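Please look at the chain below and follow it one part at a time.

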Amino acid sequence: MTFKMLHDVSDYYSDKLVKHGCTPRGVDWNGIESQHIRFDQLMKVCGTATEFSLGDFGCGYGALLDYLNIGTWKVEYKGFDIAELMLQKARESHKSDNRTMFTSNSSDLAGVTYLVASGVFNVRLNRHDSEWNKYIKETLKEIDNLCTHGFAFNALTSYSDKEKMRDYLYYADPLELFDFCKRNFSKQVALLHDYGLYEFTIIVKKQV
């Protein structure tokens, strides 16, 4: 993604955070219930594992970490985001957690066991579909290189009701991205499209 694209997306999310604070609406989600449904899907990449390192690619204010802390996982957490305001809020909210770091450098996530990315492919603003699709695939390659055991991501679905689609959001073809992941990353790929939201989750598990 070009610097201008990154800057525009960062500004978009920073504005949401200023308006709505550290809430789901502050990262452009409708509410905490749907946010937790998304996290439930993404964390399936970890299977039965309970202790591991986890990269949160596009961590926002650290909502996934809050979700993890109410569960039974023992996680070394690394959150990455391009919006400095998000990182500032995340650090303030989780400063007492010594198994946690937040960074603006994605390479700091290198070597994590699993990596998840929630919502990072949704807001394209005024970018063309072809340009955004290319960005998604380049980012997935980066994500794959950062983790050792697998990754999961979600995206808005092209199967959404047409009248509810917004022109500044990107609605991905789940079949295309499933095929891309299957051909480029692993034989063990799952497509989840059955959890009641206008999106899908893809899980990629590596053979280790």
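Cys 46 sits in the loop between α2 (32–42) and β1. The model shown here is predicted. Is Cys 46 buried or exposed? With a relative accessibility of 3%, Cys 46 counts as buried, because the cut-off for buried is under 20% relative accessible area. Leaving out residues up to four places away in sequence, Cys 46 touches Phe 52 and Tyr 114. The sequence separation between Cys 46 and His 149 is 103 residues, yet their C-alpha atoms are 8.5 Å apart in space. Among contacts between residues at least 6 apart in sequence, 65% join residues at least 24 apart.

Some totals give the setting. The protein has six helices and eight strands. Read from the N terminus, the elements come in the order α-α-β-α-β-α-β-β-α-β-β-α-β-β. Of the 208 residues, 51% count as buried.

The next stop is strand β1, which covers residues 51–57. Two of its residues can be looked at in turn. Glu 51 belongs to this strand, and at 56% relative accessibility it counts as exposed, because the cut-off for exposed is over 50%. Between Glu 51 and Thr 72 there are 21 residues in sequence and 9.1 Å in space, C-alpha to C-alpha.

Asp 56 is also in strand β1. Its relative accessible area is 3%, so Asp 56 is buried. Which residues does Asp 56 touch, not counting those up to four places away in sequence? They are Leu 64, Tyr 77, Lys 78, Gly 79, Phe 80, Leu 109 and Val 116. One of these, Tyr 77, is 21 residues from Asp 56 in sequence and 7.5 Å from it in space, C-alpha to C-alpha. The side chains of Asp 56 and Tyr 77 are joined by a polar contact of 2.7 Å.

Now to the helices. Helix α4 spans residues 84–93, and its buried residues are Met 86, Leu 87 and Ala 90. Around the helix axis these residues cover an arc of only 95°, so they are on the same side of α4.

Helix α6 can be read in the same way. Its buried residues are Pro 174, Leu 177, Phe 180 and Cys 181. Seen down the axis of α6, they fall within an arc of 125°, which means that they line one face of the helix. What do the buried residues of α6 pack against? Their partners are α5, β5 (147–157), β6 (171–172), β7 (188–192) and β8 (199–205).

Helix α5 (residues 129–146) packs with helix α6 (residues 174–184) at an angle of about 35°, and the two axes are 11 Å apart. The crossing of α5 past α6 is right-handed. On the α5 side, the contact is made by Asn 133, Ile 136, Lys 137, Leu 140 and Lys 141. On the α6 side, Glu 176, Leu 177, Phe 180 and Cys 181 take part. Sorted by class, this contact has five nonpolar, one polar and three charged residues.

Asn 133 lies in helix α5. Its relative accessible area is 15%, so Asn 133 is buried. Apart from neighbours within four places in sequence, Asn 133 is in contact with Tyr 170 and Glu 176. The side chains of Asn 133 and Glu 176 are joined by a polar contact of 3.4 Å.

Two further details belong to α6. At the start of the helix, a side-chain oxygen of Asp 173 comes to within 2.9 Å of the backbone nitrogen of Leu 175. Lys 182 is also found in α6. Setting aside residues up to four places away in sequence, Lys 182 touches Lys 187 and Val 189. The side chain of Lys 182 reaches the backbone oxygen of Lys 187 at 2.5 Å. Lys 182 and Val 204 are 22 residues apart in sequence, and their C-alpha atoms are 8.2 Å apart in space.

Definitions and conventions: Residues are numbered from 1 along each chain as its sequence is written. This is a predicted model: local features need pLDDT of at least 70, side-chain atom pairs count only at pLDDT 80 or more; totals for chains, interfaces and linings use all residues. Side-chain values use heavy atoms; hydrogens and water are left out. Axes are lines fitted to C-alpha atoms, for helices over the stretch in contact, and angles run from 0 to 180 degrees between N-to-C directions. Helices (H or I, at least four residues) and strands (E, at least two) are DSSP runs, numbered from the N terminus. A crossing is left-handed if the near helix is turned anticlockwise from the far one by less than a right angle, and right-handed if clockwise. Contact means heavy atoms within 4.5 Å. Ala, Val, Leu, Ile, Met, Phe, Trp, Tyr, Cys and Pro count as nonpolar, Asp, Glu, Lys and Arg as charged, and the others, Gly among them, as polar. Buried means under 20% relative accessible area, exposed over 50%, partly exposed in between (1.4 Å probe, protein chains only). The arc is that of the directions from the helix axis to the C-beta atoms. A polar contact is a pair of N or O atoms within 3.5 Å; within protein, one must be able to donate a hydrogen and the other to accept it, and residues adjacent in sequence count only if both atoms are side-chain atoms.
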